[in-house]
Amino acid sequence: MDWGMKNRLSRLIKSDGHCMFLPIDHGYFQGPTRKLEKPGETIKPLVSYADGLFVTRGILRACVDPANSPPIILRMSGGTSVVGKDLANEAITTSIEEAIRLNVAAVGMSIFIGSDYEHESLVNLGDLISACEDYGIPVMAVTAVGKELEKRDARYLGLCCRIAAEFGAKVVKTYWCKDFDRVVNGCPVPIVMAGGPKCDTELEVFEFVHDGMQKGAIGLNLGRNVWQHEHPVAMIKALRSIIHENASVKEAQDIFTEEAKKS
Ligand code: 5RP
């Protein structure tokens with residue numbers, strides 16, 4: 001691996017091999033998602049706890065302080081919306097030149113395996129990776145399910161992650177699921193977990209994150225379960241303890257409880 005590629009990855013993945021990314025890219029197809037109406041305000045108390053921020057170029061320029069920013073993973077795909085025909089019909093919407101201009105540590109895009117646009121999204125992934133390899137920019141593939149949340153099982157996600165790795169993604173973002181070790185074991189590149197829609201309790205989040213880490217994920221790219229929570233700082237601190245300090249579910253819950261009292 002070339003120096004630039006290694007350097008970018010090591011800005012995102014810490015020396016313990018783990019990472020805690022904070023995605024705030026949801027507005028690119030959801031519009032002003034709840035609690036992300038003003039992304040700059042939402043992330044202000046959280047940025048110092050994030051090892052990376054997954055964001056579109058518009059929100060990056062408008063809402064993220066260039067003098068006080070964690071490493072950036074730039075979202076490169078889009079072109080659909082929640083009120084449109086099919087969320088899977090994404091294209092590449094940002095250029096490599098823009099990624100370089102914005103000094104990003106990595107770029108990310110969604111793939112939609114099993115959808116009507118499977119072929120297009122995979123060809124886009126291959127093209128993006130080829131272009132990024134020229135400049136030493138890592139690509140994070142996002143295994144998207146669109147509105148079909150029930151697709152999140154080990155067989156399907158294992159298929160998606162493996163295909164993303166075969167195409168050359170340096171990191172794959174997927175959902176935690178039951179038998180998550182099947183997903184990890186079939187994927188030769190690091191996996192980070194997303195959270196999906198907000199869970200009812202923080203305990204549920206700590207449990208799946210802990211299980212996923214035990215089964216081989218390297219970290220998180222988890223948004224709504226942090227910034228839609230009533231106590232987002234307590235959430236991110238507790239999650240960091242699982243990711244970077246090998247905390248148990250109970251230890252994470254205790255950290256959450258203590259931190260939540262302060263806010
Ligand atoms: C949205 C994304 C998000 O980055 C990803 O889903 C993680 O966020 P959350 O934990 O809220 O699901 O790719 O398109």
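A residue is called buried here if 20 or more other C-beta atoms lie within 10 Å of its own, exposed if 12 or fewer do, and partly exposed in between, with C-beta atoms placed from the backbone. Asn-7 counts as exposed because 12 C-beta neighbours fall inside 10 Å. This residue sits in helix H1 (residues 3–12), where helices (DSSP runs of H or I, at least four residues) and strands (runs of E, at least two) are numbered from the N terminus. Asn-7 and Asp-51 are separated by 44 residues in sequence and by 14 Å in space, C-alpha to C-alpha.

The model is a predicted one, in which local features need pLDDT of at least 70 and side-chain atom pairs count only at pLDDT 80 or more, while totals for chains, interfaces and linings use all residues. Residue numbers start from 1 along each chain as its sequence is written.

We can turn next to the barrel. It is closed by 8 strands in the order S1-S2-S3-S6-S7-S8-S9-S10, with parallel pairing; two strands pair if DSSP finds at least two bridges between them. On average, neighbouring strands of this sheet are turned by 25 degrees against each other, direction ignored, the axes being lines fitted to C-alpha atoms, for helices over the stretch in contact, and angles running from 0 to 180 degrees between N-to-C directions. Strand S2 (residues 52–55) is joined to S3 by 3 bridges in the parallel sense, and Leu-53 has Ile-72 of S3 as its bridge partner. Strand S3 (residues 72–75) is covered on both faces: Ile-72 and Leu-74 are buried on one side, Ile-73 and Arg-75 on the other.

The 14 residues of helix H7 (residues 154–167) should span 20 Å at 1.5 Å a residue, and the end C-alpha atoms are 20 Å apart, which agrees; the expected span is 1.5 Å times one less than the number of residues. Buried in H7 are Tyr-156, Leu-157, Gly-158, Cys-160, Cys-161 and Ala-164. Their cover includes strand S6 (106–111), helix H6 (118–133), S7, S8, helix H8 (180–185) and strand S9 (191–194), with contact meaning C-beta atoms, placed from the backbone, within 7 Å. Gly-168 follows H7 with a positive phi near 110 degrees.

Helix H11 (residues 232–245) has 14 residues and reaches 19 Å between its first and last C-alpha, close to the 20 Å expected. Its buried residues include Pro-232, Met-235, Leu-239 and Ile-243. Among the elements covering the buried residues of H11 are strand S1 (19–23), helix H9 (202–214) and helix H12 (249–262). Just after H11, Asn-246 adopts a positive phi of about 55 degrees.

Most residues other than glycine have a negative phi. Asn-103, not a glycine, has a positive phi of about 55 degrees and lies in the loop between helix H5 (96–101) and S6. Asp-179 likewise has a positive phi, near 60 degrees, in the loop between S8 and H8. Asn-103 is exposed, with 12 other C-beta atoms within 10 Å, whereas Asp-179, with 13 C-beta neighbours inside 10 Å, counts as partly exposed.

Finally, 13 residues surround the ligand, the closest being Pro-23, Ala-194, Gly-195, Gly-223 and Arg-224; a residue is near if its C-beta atom, placed from the backbone, lies within 6 Å. This shell divides into 5 nonpolar, 6 polar and 2 charged residues, where Ala, Val, Leu, Ile, Met, Phe, Trp, Tyr, Cys and Pro count as nonpolar, Asp, Glu, Lys and Arg as charged, and the others, Gly among them, as polar.

Terms used: Contact = placed C-beta atoms within 7 Å.
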